[in-house]
Every structure is written in C-alpha cells, then in structure tokens.
Amino acid sequence: MTRFHDKVAVVTGGGGGIGSAICRRLAEEGAAIVVVDRDEASAMTVKSDIEASGGRAVVMVADIADEAACRRLVDNVMERCGRLDVLVNNAGINRRGDISEVSTADWHLSFDVNIHSMFYLCRAAVPHMQRAGRGVIVNTASQWGLYPAPGHIAYNVTKAAVVAFSKSLARDLACHNIRVNAVCPGEIHTPMLATGLEKAGKTVRDLDRLVPFGRIGTPEEVAALVAFLGYDEAPFLCGSAVEITGAQAVS
C-alpha cells in the first residue's frame, strides 16, 4: 500500500513499543517518517529497520516536555522535509500510584510529557498545516482516560486531558481541513506494560484472561488504527476518541 506516498509523518515516542510500530506501519505505506524520541539509540534502531525494508526515515532527538525543544523540532522538520502532513503525538509515561502514593514530581512530569507536549507540538505544527490547507493529528490517549483504573491517578487524569484536548482541537481546526482524533488503547503488549506486570507479580496470561477477545492487543494493531485515522479514507472522522480494547472493561 502507498496511501502515504509523498507524506511526511512525525511520530513522538517513535522508539517505544507502540511508537515504533506506528513508524514502521506508516513507512510501509509510503510515508517519510520522522522518528522522535529522547532515546537516540532506540530511534536509530527504528530508522534502520525502516530503511532495511526500503522505507525513508530520519531521527530527531528531542525532549518534548520542553516548549522550546518542540518549536525547534517542528522547525527542523520543515527545514529538512519541507512539509508536515501527519503528526502522531504518541509519547507518554505512566507513573503509578493513588493520590497518597504518587509524588508531586511524578504528577507534574506526567502532565509535562502526556499533555503539555501535545499542546506545544500542535501549536508549532498547526500553522504549517493551515498554510498547506490540510493535515492530520492523531493523539495517543488511553482507555483509562475514559474509564479510570484504580491506582493510576496521574496517568488516568492526563490521558483524560488528551481526550478533551483532541476533541477541542478538532472543533477548532476542522474548518481548516485539519482532522484531529485520539486513539484509546486498552492493554497492549509493550515494554511499559511488561514493567508494570513485573512490579505487580503478574503475567501476560493473567491479562489475557480479562479480555473477552481472548488476549491483550499488540502495538501493530494500534498502528493499523493510527494509519486508518491518518489517511483520508474517513474524512468525516474528526474529534473522535476511538477505543481499541478487545472489548475489555477496565479492571
């Protein structure tokens, strides 16, 4: 498929579990990928994988919790690539704990990475999309932003903010032919999930039993949804928070 031929897609957290799958999927469909991550080694691995498969990718290392870094990132994308068609705000962190357990530093860091970065990047990217007369923004929220899970107050609240941000931005930008949507994954088999399972003394099979579909999701399945939202196949799909959970309820 070449749905994204001649498109430039920027993916934050591009070196991580879901982010790397998004980068690879969009590259397979013809996009030139800007892999954004703080971890240069992880980002370079994704870039090498894409190029080995005949795709195009560049790496840009950035701390997206920093407003000035976000402005520089978008400036660099425009200078090197000449356009910005799809922005996937995927980077995120999960600081676990209820209100008595989560630290003040982790509370603020969760907002900086999970929601403030989206504000900074969208504010920098939107003027370029407006001048182009089109654009797509896909933000990674979470099922827990819609239905809070116990013991994850910082993550729940910031992901709920991502949903509200996405819907608000969509309302403001639809008139400029810029579509904004959010994806809300449930349990997805990623390194972040594996770390949480290890701390809780659980296994993937324990989670599989909770999912009516019979198993938890994969990063590639989330990437397929992002590719669908990023393409013009559903131009009226704007301002949505799309769940991808295997019919699992929050537990």
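1. Basis. The model is predicted, so local features need pLDDT of at least 70 and side-chain atom pairs count only at pLDDT 80 or more, while totals for chains, interfaces and linings use all residues. Residues are numbered from 1 along each chain as its sequence is written, and side-chain values use heavy atoms, with hydrogens and water left out. Helices (H or I, at least four residues) and strands (E, at least two) are DSSP runs numbered from the N terminus.

2. Helices α4 and α5. Helix α4 spans residues 104-132 and helix α5 residues 153-173; their axes come within 8 Å and cross at roughly 15°. Axes here are lines fitted to C-alpha atoms, for helices over the stretch in contact, with angles from 0 to 180 degrees between N-to-C directions. That crossing makes α4 roughly parallel to α5 (angles under 35 degrees count as roughly parallel, over 145 as roughly antiparallel, 65 to 115 as roughly perpendicular and the rest as oblique). The crossing is right-handed, meaning that the near helix is turned clockwise from the far one by less than a right angle.

3. Residues between α4 and α5. Contact means heavy atoms within 4.5 Å. On the α4 side the residues include Trp107, Phe111, Met118 and Phe119, and on the α5 side they include Tyr155, Lys159, Phe165 and Leu173. By class, this contact has 16 nonpolar, four polar and one charged residues. Ala, Val, Leu, Ile, Met, Phe, Trp, Tyr, Cys and Pro count as nonpolar, Asp, Glu, Lys and Arg as charged, and the others, Gly among them, as polar.

4. Helices α1 and α8. The axes of α1 (residues 17-28) and α8 (residues 219-230) come within 8 Å and cross at roughly 50°. The two helices are therefore oblique to each other, and the crossing is right-handed. Gly17, Ile18, Ala21, Ile22, Arg25 and Leu26 of α1 meet α8 residues that include Pro219, Glu220 and Val222.

5. Helices α1 and α2. Helix α1 also meets α2 (residues 40-52), with axes that come within 10 Å and cross at roughly 25°. These helices are therefore roughly parallel to each other, and α1 passes α2 in a right-handed crossing. Ser20, Cys23, Arg24 and Ala27 in α1 meet Val46, Asp49 and Ile50 in α2. The residues divide into four nonpolar, one polar and two charged.

6. Cavity. The structure holds one cavity of 30 Å³ or more. On a 1 Å grid over the protein atoms alone, a cavity is a set of points where a 1.4 Å probe fits but cannot get out, and a pocket is an open set with protein on both sides within 12 Å along at least five of seven lines; lining residues have an atom within 4 Å of a point. The largest cavity has a volume of about 90 Å³, a volume being the space filled by probe spheres set on grid points joined across faces, edges and corners. Its lining includes Arg3, Lys7, Asp85 and Tyr231, and divides into four nonpolar, two polar and five charged residues.

7. Pocket. The second largest pocket has a volume of about 160 Å³. Ala174, Asn177, Phe236 and Cys238 are among its lining residues, and strands β5 (135-140) and β6 (178-185) each supply at least two. The lining divides into six nonpolar, two polar and three charged residues.
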